[in-house]
Amino acid sequence: MTATNHFYETFQPSHYNLYLDINRETKLISGKTTIMGNASQTAISLHQKFLNVSAVEADGEAVDFNLDQPAEAIRINLKQAGETTLTVTYTAPLTDSMMGIYPSYYEVNGEKKQIIGTQFETTFARQAFPGIDEPEAKATFDLAIKFDEHPGETIISNMPEVRTENGVHYFDTTMKMSTYLIAFAFGELQTKQTKTKSGVTVGVFGTKAHKANELDFALDIAKRSIEFYEDFYQTPYPLPHSWQLALPDFSAGAMENWGLVTYREAYLLLDPDNTSLEMKQQVATVIAHELAHQWFGDLVTMKWWDDLWLNESFANMMEYVAVDALEPDWHIWELFQTSEAPMALNRDATDGVQSVHVQVEDPAEIDALFDSAIVYAKGARMLVMVRSLLGDDALRKGLKKYFEAHQYGNATGADLWSALGEASDLDIGAIMNSWLEQPGYPVVDAQVVDGQLTLKQHQFFIGDGKDTGRQWQIPLNSNDSQAPAIFKDAKLSLGNYDDVRQRLGEPFRVNVGNNSHFIVHYDEKLLNDILAHVDEFDAITQLQLMQDLRLLAEGRQISYASVVPLLKRFADSHEAVVITALYTLANNLKKFVLPDSTEEKQLQQLFDQLSAAQVKRLGWLPVAGESIDDQLSRPMILSAALYAQNADAIAAAHQIFQDNQAQLATLSADIRGLILTNEVKHYGSEKLFDQLLADYQQTADGSYKANIRAALTSTPDAGLIKKTIDQFENADVIKPQDLRGWFRGVLANPHGEQAAWDWLRTDWQWLEDTVGGDMEFSTYITVTAGVFKTADRLAEFKAFFEPKLNTPGLTREITMDIKVIESRVALIEAEKNAVNQTVASEVK
Ligand code: BES
Ligand code: ZN
């Protein structure tokens, strides 16, 4: 262990009185914070960032202090240690950074308005008030807030308001909680409310730019999620209310502040009459995620950020557990298989990736831990393994114990394993530490060697990787019940293969259900056996087969060309998961062809052959009463037909556009994005561009906005690309929170790649000033690396980012992304001829 420097060691707060006077006009916050607590020594430190501190008192007497800006600290020398009441008087700027206390901007009927809200995770509470801004430093809080208030405004916070006096709003004392979960917001808000069975008031809040019925879906999901968790965790929701607030400017997706969860508008509010099922599922999982945190994260909090996975991995698993209970028809675990599983498997295959549990101190590095592929997706997969090893009964029993033991306090990974271990008599910690502490994951080679069925494990890499002999305790989930539950050695023999095969009466398989975090490399004999029976297997097995083979091809363990013939075998599936895996694989072939080449034409022909029958079967518009799988498959299939340049598809989409030109927003949300994109690509004009951009600015519907963004960024017109990029820094049109999507869209458009890349390099400083300092920033690098595929771009990427390698919070991302591009460039070089030849022979 390296020596830590946590301020909590010097001072342990028990209670805060926070007084804030916020002036939107002057953009100034005046504050006075009183903290009661215990000083373990006379030299103590509080956190602060960007605060102008005018006075510090200890027990009513002025004391010496100084501001240590690099350490984000106020250093204070007390006369004596022991119980102390500190009072800090300060001012702070109100800035547009989406961190700390910040304004959100929106318009109602052309009138510009703002709401003030907060974002304190990870270390931004210190920009709002001084204190010990560390998760372990739990205390109770009394908030008192004054602002330049006008009639019609509402203020909300973690706890209910108890009184207003002289324009100051006083809120009830909070439970013992961490600073990063404090929140409040005020402005002209609308709300809808209801009560859970147990009497918790649940509410949804948003600006008045939205129609009232846009709050309904979220209210229903939030209410039922809380009811679900109270039952699942066997632990009551401890606060009087649970508010869900949509903020027009929001850096993350959503934030689990205790009692006042904040969201991006697109992740909370939706038009109940015209929103795609995909988007509804996304909103439901986001709400369920944040509400899972009300226990996992808020009631019990990780002791330090190294155990961030205790919050995020858990909430990421629970969002699926909850939504599966609330909407069983959705089969939401299929979404887990098509989104989280591949995300984790892709990223975790690059050498240099971090482990789920990781030592961390620097605030920028703490932000960098929120990696959606690792702490979220891989962590959730880890816990899915735990859940399947334990079963729900033991899991729930263990969780109840864990909450009882640590509520209003903190915990570490070891605390969770011990509670779950007690409930299950399984040394779950020993199994899970191999997944938690080690980066990467294994590929299991399943082979018949000299008649013996053998399994071997070794680390799987995409790109260069140094094999350091890592081993995992792998929950095997074989269909052979005589195989061990856990495979923990380098090698395992399962006996005579012919005997096993005969006993099973079906092909031998491991990782049945695809719930363990590994992939399988079957030898030819075993794979051919599986392929011969593939139609008899369920959708998840089919998905898994395509997913694992794709990864093996990316990792150069098998030839990429060998997976191409698989596509046609699954093209007519009626299962959305299979269609998703199929087109994920097919879309991965696009990197092997150049724009406007013969090879591209052939690939397009393949897409046409894959999609033609399904386009005919499904048609363009959703049909009442059709299956959920058909609803989810349609956009993928139509998108394939459009990529294929199928003339009928292009004309059909154009016709739908023309029929709905006067009310584009009301086009069926399932296909609206495709229709608009088709129009811009094939029938685009400056007039259409301007019309869509005006709609973009004017609409409050997040899905419609995303559709327009996808359409406009796909233009082949150099002039319009320039016009788009000219809006990147205009927050009145493109909010900084949405810019990454625009950047990605233009960069991924072959006609826009150069211009977007030039913009990023030229205006990097602007980007850093605008979104630097929060976790959004580094993802611009990830997005760029996701697109680049040539040696020239690799060289440019290195030339630009290598000098930035020492920027806190960017180091790992830059290192990883150089590898990602390097391995893609090498893969394309090595495999493109074989892949393209196979594609050509497939379409003959
Ligand atoms: N605690 C996070 C929000 C967060 C992320 C705060 C990073 C500070 C830094 C929240 O619970 C979360 O995980 N949000 C996700 C959405 C979620 C549904 C996966 C997000 O913002 O991406
Ligand atoms: Zn979360």
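Let us begin with His293, which has 0% relative accessibility and therefore counts as buried, the limit being under 20%. Please keep in mind that we are looking at a predicted model. Glu312 also counts as buried, because its relative accessibility is 2%.

What do these residues coordinate? The zinc ion, ligand 2, is held by His289 through NE2, by His293 through NE2 and by Glu312 through OE, at 1.9 to 2.1 Å. Along the chain, the donors of this zinc ion follow the spacing H-x3-H-x18-E. His293 belongs to helix H2, residues 277–293, whereas Glu312 belongs to helix H3, residues 308–326. The pair is 19 residues apart and links distant parts of the chain.

I turn now to the division of the chain into domains. The domain assignment gives domain 1 as 1–95 + 121–184, domain 2 as 188–295, domain 3 as 305–436 and domain 4 as 442–551. Between the C-alpha centres of domain 2 and domain 4, the distance is 41 Å.

Next, the sheets. As a reminder, strands of a sheet pair through backbone hydrogen bonds, either parallel or antiparallel.

Which order do the strands take in the open sheet of four? The order is S27-S24-S23-S28, and the pairing is mixed. Strand S27 (491–496) and strand S28 (519–522) stand at the edges with a single partner strand each, so one side of each has no neighbour in the sheet. From one strand to the next, the twist averages 20°.

Within this sheet, strand S24, residues 452–459, pairs with S27 in the antiparallel sense over four bridges. Lys456 is found opposite Lys491 in S27. Helix H10, residues 497–504, packs on the sheet and touches strand S23 (442–449), S24 and S27. The direction of helix H10 makes about 70° with that of S27.

Finally, please consider an open sheet of three strands. Here the order is S3-S7-S6, with antiparallel pairing. Why is one side of S3 and of S6 left without a neighbour in the sheet? Strand S3 (43–47) and strand S6 (65–68) stand at the edges, and each has a single partner strand, which means that one side of each remains without a neighbour there. On average, neighbouring strands of this sheet are turned by 25° against each other, direction ignored.

S6 and strand S7, residues 73–77, run antiparallel and are joined by four bridges. Across this pairing, Leu67 stands opposite Ile74 in S7.

Note on methods:
Residues are numbered from 1 along each chain as its sequence is written. Chains are lettered from A and ligands numbered from 1 in the order in which they are written. This is a predicted model: local features need pLDDT of at least 70, side-chain atom pairs count only at pLDDT 80 or more; totals for chains, interfaces and linings use all residues. Side-chain values use heavy atoms; hydrogens and water are left out. Donors are N, O and S atoms within 2.8 Å of the metal (3.2 Å for Na, K and Ca); water is not among the atoms, so sites may look incomplete. Helices (H or I, at least four residues) and strands (E, at least two) are DSSP runs, numbered from the N terminus. Buried means under 20% relative accessible area, exposed over 50%, partly exposed in between (1.4 Å probe, protein chains only). Two strands pair if DSSP finds at least two bridges between them. Axes are lines fitted to C-alpha atoms, for helices over the stretch in contact, and angles run from 0 to 180 degrees between N-to-C directions. Contact means heavy atoms within 4.5 Å. Domain bounds come from an automatic or database domain assignment.
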